[in-house]
Amino acid sequence: MTFGADADDAVDFLFAMGPTRYNLRDVDPATVARLRADVHDALTEFETADGVRIPGSVWIVTASPGHA
């Protein structure tokens with residue numbers, strides 16, 4: 001999954017997401033700045049020529065009643 005063109009872009013994307021904004025809404029700006037720096041540093045490991053790409057997968061599982 002690609003999160004941005006580079007680590008700076010990916011941090012902006014992640015910290016703009018609703019759940020992230022919600023969970024950080026009452027956190028002081030200095031702490032948020034430190035968190036952004038820590039996330040940035042972690043994301044640099046995943047920078048490629050095609051952007052910040054973090055390997056992973058998603059499974060979508062459904063079930064129907066009456067099938068065993």
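This is a predicted model: local features need pLDDT of at least 70, side-chain atom pairs count only at pLDDT 80 or more; totals for chains, interfaces and linings use all residues.

Trainee: OK, how many helices and strands are in the protein?

Mentor: Three helices and three strands, in the pattern β-α-α-α-β-β along the sequence. Helices (H or I, at least four residues) and strands (E, at least two) are DSSP runs, numbered from the N terminus.

Trainee: And is the protein spread out or a compact globule?

Mentor: The radius of gyration is 17 Å, well over the 11 Å that the globule rule gives for 68 residues, so the protein is more spread out than a compact globule. That radius is taken over C-alpha atoms, and the rule is 2.2 Å times the number of residues to the power 0.38. Along the principal axes, the C-alpha atoms fill a box of roughly 55 × 35 × 15 Å.

Trainee: How much of the protein counts as buried?

Mentor: 19% of the 68 residues. Buried means under 20% relative accessible area, exposed over 50%, and partly exposed in between (1.4 Å probe, protein chains only).

Trainee: Which residues of H1 are buried?

Mentor: Ala7, Ala10, Val11, Leu14 and Phe15. They cover an arc of only 120 degrees around the axis, which puts them on the same side of H1. The arc is that of the directions from the helix axis to the C-beta atoms.

Trainee: What do those buried residues of H1 pack against?

Mentor: S1, helix H2 (18–23), H3, S2 and S3. A contact here means heavy atoms within 4.5 Å.

Trainee: Now H3. Which residues are buried there?

Mentor: Thr31, Val32 and Leu43. Their arc is only 110 degrees around the axis, which puts them on the same side of H3. Ala30 and Asp41, on the other side of H3, are exposed.

Trainee: What do the buried ones in H3 pack against?

Mentor: Helix H1 (7–16), strand S2 (47–48) and strand S3 (51–53).

Trainee: Switching to the sheet: what's the strand order?

Mentor: S1-S3-S2, in an open sheet with antiparallel pairing. Strand S1 (2–4) and S2 are the edge strands, each pairing on one side only. Two strands pair if DSSP finds at least two bridges between them.

Trainee: How many bridges join S2 to S3?

Mentor: Two, and those strands run antiparallel. Thr48 stands opposite Gly51 in S3.

Trainee: Last topic, the part after S3. Where does Val58 sit, and is Val58 buried or exposed?

Mentor: Val58 is in the segment after S3, and at 73% relative accessibility it counts as exposed.

How values were computed
Residues are numbered from 1 along each chain as its sequence is written. Side-chain values use heavy atoms; hydrogens and water are left out.
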